[in-house]
Amino acid sequence: MWSKEKSVKLTHFIVRVCYVVLAVIVIVLPFLIATEPVIYQISLWQLGGKYVLYPFYAIVPAGYVALICIDKLLTNIRKEVVFDGRNVKLLRIISWSCFYAAIVCLLAFVIICIAKGWPSVFLIILAAGAGFMGLVVRVVKNVFESAIKIKEENELTI
């Protein structure tokens with residue numbers, strides 16, 4: 001039977017796999033962009049791969065910060081520390097990491113439009129996705145803050 005504990009363990013495992021996957025992508029991506037032929041031996045780099053590569057490297061630290069915060073949040077959940085100010089802080093950091101990624105992608109989109117004269121739809125989709133995730137996490141953070149206030153009021157009443 002599937003339980004909350006198994007779900008948290010699985011999520012923890014997936015987050016830790018993401019650490020490794022992100023590190024591998026950081027190492028491998030420049031080689032893929034520089035060497036992979038696309039059309040008529042034109043590399044992705046010549047097609048504007050550098051305009052995607054630089055924003056990616058600008059976002060990687062925020063990605064690791066978000067993964068670390070998710071890891072700590074899952075550890076707190078495992079310890080049954082749920083409605084706690086530390087979790088609200090972790091959710092706040094995760095949301096700002098998402099917003100940072102959205103801003104970097106949006107700026108990269110504008111720079112590509114100016115420099116190359118063609119828009120990179122991929123970056124605008126990433127920016128929208130990261131911004132949406134930031135909003136979702138922000139809403140969850142606000143719910144947690146409200147729940148903590150209610151919990152503290154109830155503890156004072158009793």
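1. Lysine 141 is the residue I would look at first. Its relative accessible area is 4%, so it counts as buried (under 20% relative accessible area; exposed means over 50%, and partly exposed lies in between, with a 1.4 Å probe and protein chains only). Lysine 141 sits in helix α4, where helices are DSSP runs of H or I with at least four residues, numbered from the N terminus. Beyond its neighbours within four places in sequence, lysine 141 is in contact with Val88, Leu91 and Arg92 (contact means heavy atoms within 4.5 Å).

2. A word on the basis of these notes. This is a predicted model, in which local features need pLDDT of at least 70 and side-chain atom pairs count only at pLDDT 80 or more, while totals for chains, interfaces and linings use all residues. Residues are numbered from 1 along each chain as its sequence is written, and side-chain values use heavy atoms, with hydrogens and water left out.

3. What does the side chain of lysine 141 meet in a salt bridge? The partner is glutamate 145, at 3.1 Å from N to O (a salt bridge is a side-chain nitrogen of Lys or Arg within 4 Å of a carboxyl oxygen of Asp or Glu). Both residues belong to helix α4 and are four residues apart, about one turn of the helix. Salt bridges with shared partners join Arg92, Lys141 and Glu145 into one network.

4. Because arginine 92 lies in helix α3 and glutamate 145 in helix α4, the pair ties together parts that are 53 residues apart in sequence. Arginine 92 is partly exposed at 30% relative accessible area, and glutamate 145 is partly exposed at 28%, whereas lysine 141 is buried.

5. Helix α4 itself covers residues 121-157, which makes 37 residues. From its first C-alpha to its last it reaches 54 Å, close to the 54 Å expected at 1.5 Å a residue (the expected span is 1.5 Å times one less than the number of residues). As a reminder, an α-helix has 3.6 residues a turn, so residues three or four places apart point the same way.

6. The whole structure has five salt bridges. One that lies within helix α1 (residues 4-35) pairs lysine 9 with glutamate 5, and the two are separated by about one helical turn because they are four residues apart. Their side chains meet at 3.3 Å, N to O. Lysine 9 is partly exposed, with a relative accessible area of 40%, while glutamate 5 counts as exposed at 51%.

7. Tryptophan 2 is placed in the segment before α1 and counts as exposed at 56% relative accessibility.

8. Leucine 67, in helix α2, is buried at 12% relative accessibility. Which residues does leucine 67 touch, not counting those up to four places away in sequence? They are Val15, Cys18, Tyr19 and Leu22. For leucine 67 and valine 15, the C-alpha to C-alpha distance is 6.5 Å, although they are 52 residues apart in sequence.

9. Glutamate 80 is worth a check of the backbone. Its phi is positive, about 60°, although it is not a glycine. Glutamate 80 lies in the loop between α2 (45-78) and α3 (85-116), and at 66% relative accessibility it counts as exposed.

10. Finally, the cysteines. There are zero disulfides in the structure (a disulfide is a pair of cysteine sulfur atoms within 2.5 Å). Cysteine 105 counts as buried at 4% relative accessibility, whereas cysteine 113 is partly exposed at 29%.
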